[in-house]
Amino acid sequence: MKAAESSIKYKYSLDLKNVMKSLKSIRKELDKIIDNLKMDSSTSVNLVKTQPVSAAGKSRTKSSVRTKKVTEEMVVELKYDAGLIRDKLVEDQKQLDVVSIVGMGGIGKTTLAAKVFSDPFVVYHFHVRVWVTVSQTYEKHDLLIQILSFMDVQLDVASASYSRLREVLHKSLMGKRYLIDIDDIWSNEAWDVLKLYFPNGNTGSRILITSRLKDVALYAKSHGFIHQLEYLTEEESWELLCKKVFHGAECPEWLIEIGMLIAKKCHGLPLAVVVIAGILAKEALIQDSWEKISQSVSSYIVSDRNGFVDMLALRYDHLPPHLKDCFLYLCNFPEDHKFHVRRIVWLWMAEGFIQELGNRSLEEIGEEYLGELVDRNLVIVAYRKLSGAIKACYVHDLLRELYMEKAKQEGFCLKINTQKNCLASVRSCRIFTIVDFFGNNYFDQPSSMVRSLVCLHGGRSMINITDMHFYSYLLLMVLDLQNYKLHEFPKAIELLVHLRYLAFWYTRGFPSSICNLWNLQSVITKSVSALWLPNTISNLVNLRHLVSDKDIYFDSIEKPMNLHTISKVKLGNGAGSWVKNIPTIKTLKAMTRSRDDHDFATLTSLETLVWTTVGLKAHAFGKLEYPKIHMRLPASLRKLSLTGCYLPWSEMSIVQSLPNLEVLKILDNAFLGPRWETGDSKFQQLKYLKLQGLYIQHWEVSTINFPRLKHLVLDRCNHLEEIPLELGDIPTLELIDIDDHNSFVIESLERICEEQQNLGNYYLKINIRRHWTADFIIGNRERYDLFEKR
């Protein structure tokens with residue numbers, strides 16, 4: 001038996017050695033193939049760099065050539081992005097497919113596309129690879145010459161007709177697996193021209209396009225793969241800067257801090273880092289020189305003659321007229337300013353940039369305009385709402401610097417940065433000022449052409465603005481004084497009857513004179529105490545948005561208003577007797593008394609309701625006395641926040657029945673009772689659920705109750721025995737966010753983690769807002785590590 005076993009083992013070992021020899025032989029052959037592919041790919045890179053320039057003829061400008069040279073010098077790690085694009089190009093799908101790379105100019109789209117184009121496996125996979133640069137202006141004949149110049153065709157392309165070139169190209173590609181890289185495509189019309197050239201022979205061919213416009217990528221393939229190229233992190237920007245300035249050497253210690261600041265001010269744009277690195281490389285390694293550059297990084301970059309400015313300017317020139325004014329307007333706010341979407345849309349409305357279209361509201365059209373600017377990579381999203389809509393955004397500082405100057409040259413607006421600017425007469429219709437506009441009489445000449453005055457001066461002290469300041473500005477449509485703390489409210493403001501947007505900070509409430517400004521669309525006010533509105537507020541027949549940082553009180557309203565947004569309003573006589581006066585309201589933040597009627601059902605346009613009830617006290621679990629609150633809600637609600645209502649959990653069926661509800665916040669005794677049974681009803685569209693400050697002990701739930709839930713938050717639910725394990729089985733759930741006050745909840749969350757990992761679900765993320773002591777962490781190290789890994 002032993003001999004037999006030895007024999008078997010011996011034969012097995014011999015077979016294994018033979019296999020290993022064969023593998024080594026195969027590996028050698030593979031290495032040779034890879035080496036050949038690398039040689040081919042290096043040739044391809046040269047083609048990418050040189051061929052389009054010579055072949056494009058009239059299709060390319062000198063500035064674009066200069067920009068490409070700068071782009072070629074970029075050294076950015078794009079391994080993950082390149083691997084993602086490569087895998088998509090070579091996947092097993094026979095139909096002709098389109099893959100897109102989109103992003104801001106200078107972010108590295110061409111660099112990434114060239115990296116994939118020259119990838120050894122891509123070179124091996126496709127029979128034919130072609131690179132064509134379209135740019136903003138092009139001619140069809142030149143595009144065909146570009147394409148055929150990459151291919152080994154027996155034809156004098158310079159003298160051939162357009163129809164002959166199309167015929168030869170079609171025949172040359174038919175039956176082959178090809179990759180066409182279309183770089184820098186700007187319009188749907190260009191795609192309509194190009195797509196006719198490429199046959200779909202079910203060979204697994206691919207088209208890779210790069211564009212600054214997401215709409216073009218969606219037009220090319222409505223449900224295709226679109227890769228949004230992200231900005232560099234601060235660490236990546238610093239690493240790239242060091243590579244370009246020091247070429248592998250270490251950065252001197254005395255330049256590290258200031259160098260990292262310079263890299264940060266490039267705001268993650270690779271091309272900007274490369275440009276500023278070129279400027280730094282010419283400077284002596286002296287801290288003073290680098291500090292001087294750090295004080296105005298954007299100005300140095302946009303003044304550098306390398307085609308960078310021309311490249312950025314192209315994007316503005318390509319904008320449709322209705323977006324040009326909207327974009328220029330954004331560029332005149334301070335560096336790194338975060339725009340809240342609703343505020344900027346209200347300003348655009350007041351400026352007349354948004355035109356009515358069909359039955360859609362101006363606000364909806366304005367948000368669409370902003371979305372277009374984001375899709376064109378001119379505006380960057382800073383925050384999104386829970387629904388995914390844009391909440392806040394900003395303009396890259398390089399774009400802001402460039403177009404702020406353009407706005408001034410075109411007379412679009414005047415940006416006052418220093419008191420010296422103020423000595424000139426005003427010839428622009430809009431003024432943005434970051435200095436004290438009213439502190440001195442800077443403007444000696446009349447300024448009757450000014451339509452907008454936005455004061456961004458950071459002074460917070462009480463000041464007196466006299467009536468004389470406004471007698472030369474009687475045609476103002478926008479007046480933003482929110483950063484000035486007014487001791488007296490100028491009476492002359494009531495003469496500004498053209499005002500559509502008014503923002504102010506007044507220590508004595510809401511001046512009744514404002515109610516004479518019948519053109520007002522938006523009023524934003526800050527105060528030191530609650531705001532009592534005059535009865536004549538309903539005279540503002542065009543008022544759509546009324547926002548205050550303090551509680552708003554109405555004594556009475558003489559007639560219905562056209563309000564869409566109102567914040568922190570206290571409904572003294574109950575919602576039922578009041579809401580009839582705001583029939584078109586969409587966003588309502590209201591506070592009611594416990595015994596009032598609570599009928600919001602008649603507000604058929606209401607989308608967001610933040611409702612707080614006052615006048616109730618907490619009850620112990622054994623002594624429940626529910627108030628007689630009659631809650632009725634409209635089916636139009638998308639976001640609902642309830643606080644202090646002390647409703648029984650059985651009333652939750654009213655909320656569950658809302659067909660459009662996406663966000664629900666149940667806060668601080670909104671519902672009272674130890675047990676919530678969700679039953680068989682569904683929250684049909686609910687994506688976000690927050691439970692905070694509740695006395696709930698047991699929560700019984702089923703996966704059918706939350707078919708679309710993505711984000712669950714628990715905060716100060718200290719009596720809850722556990723998070724229902726069934727929640728982990730909701731397929732759409734992405735994040736559970738809890739505090740660490742309840743150890744039972746943490747234990748149940750641990751079970752959910754383990755169960756989901758055993759089922760192969762690694763997409764569920766856990767976030768714990770910790771206030772743990774060191775002793776607790778040491779005693780629960782295994783659990784702590786588990787959540788850290790999640």
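Trainee: Is Asn669 buried or exposed?

Mentor: Please keep in mind that this is a predicted model. Burial is judged by relative accessible area, and buried means under 20%. Asn669 has a relative accessible area of 11%, so Asn669 is buried. This residue is found in the loop between β26 (663–667) and β27 (671–672).

Trainee: Which value does phi take at Lys568, and in which strand does Lys568 lie?

Mentor: Phi of Lys568 is near 50°, again positive in a residue that is not glycine. Lys568 belongs to strand β19 (residues 565–570). With a relative accessible area of 39%, Lys568 counts as partly exposed.

Trainee: What share of the residues of the chain counts as buried?

Mentor: The chain has 790 residues, of which 51% are buried. It contains 24 helices and 33 strands. Helix α4 (residues 109–117) illustrates a mostly covered element, since 8 of its 9 residues are buried. Among them are Lys109, Leu112, Val116 and Phe117.

Trainee: What does Val297 touch, leaving aside residues up to four places away in sequence?

Mentor: Val297 touches Ile262, Lys265, Cys266 and Ile276. Val297 itself lies in helix α14 (residues 297–303) and is buried, with a relative accessible area of 2%.

Trainee: How is the packing of two helices described?

Mentor: One gives the angle between the two axes and the distance between the axes. Here, the axes of helix α16 (residues 321–330) and helix α18 (residues 362–375) come within 10 Å and cross at roughly 80°. Angles of 65 to 115 degrees count as roughly perpendicular, and α16 and α18 are therefore roughly perpendicular to each other.

Trainee: Which residues of α16 and α18 meet?

Mentor: From α16, the residues are His322, Leu323, Cys326, Phe327 and Leu330; from α18, they are Tyr369, Glu372 and Leu373. By class, this contact has 6 nonpolar, 1 polar and 1 charged residues.

Trainee: How is a pair of aromatic rings described?

Mentor: The description uses the distance of the centres and the angle of the planes. This structure holds 21 aromatic pairs. One of them, Phe489 with Phe504, is edge-to-face, at 5.3 Å centre to centre and 65° between the planes. Phe489 is in the loop between β13 (478–488) and β14 (501–506), while Phe504 is in strand β14, 15 residues apart. Both residues are buried.

Trainee: Why is the pair of Trp676 and Trp699 stacked?

Mentor: The planes of Trp676 and Trp699 are at 5°, with the ring centres 5.2 Å apart, so the pair is stacked. Trp676 lies in strand β28 (residues 675–677) and Trp699 in strand β30 (residues 698–700), so the pair ties together parts 23 residues apart in sequence. Trp676 and Trp699 are buried.

Trainee: Over which rings do the charged ends of Lys338 and Lys526 sit?

Mentor: The charged end of Lys338 sits over the ring of Tyr394, 4.9 Å from its centre. That of Lys526 sits over the ring of Trp505, 4.1 Å from the centre.

Methods. Residues numbered from 1 in each chain as written. Predicted model: local features only at pLDDT ≥ 70, side-chain atom pairs only at ≥ 80, totals over all residues. Heavy atoms only, no water. Axes fitted to C-alpha atoms, helices over the stretch in contact; angles between N-to-C directions. Helix = DSSP H or I, 4+ residues; strand = E, 2+ residues; numbered from the N terminus. Parallel < 35°, antiparallel > 145°, perpendicular 65-115°, else oblique. Contact = heavy atoms within 4.5 Å. Nonpolar A, V, L, I, M, F, W, Y, C, P; charged D, E, K, R; others polar. Phe/Tyr/Trp six-rings, centres within 6.5 Å; stacked < 30°, edge-to-face > 60°. Buried < 20%, exposed > 50% of the residue type's maximum accessible area, 1.4 Å probe, protein only. Lys NZ or Arg CZ within 6 Å of the ring centre and 35° of its normal.
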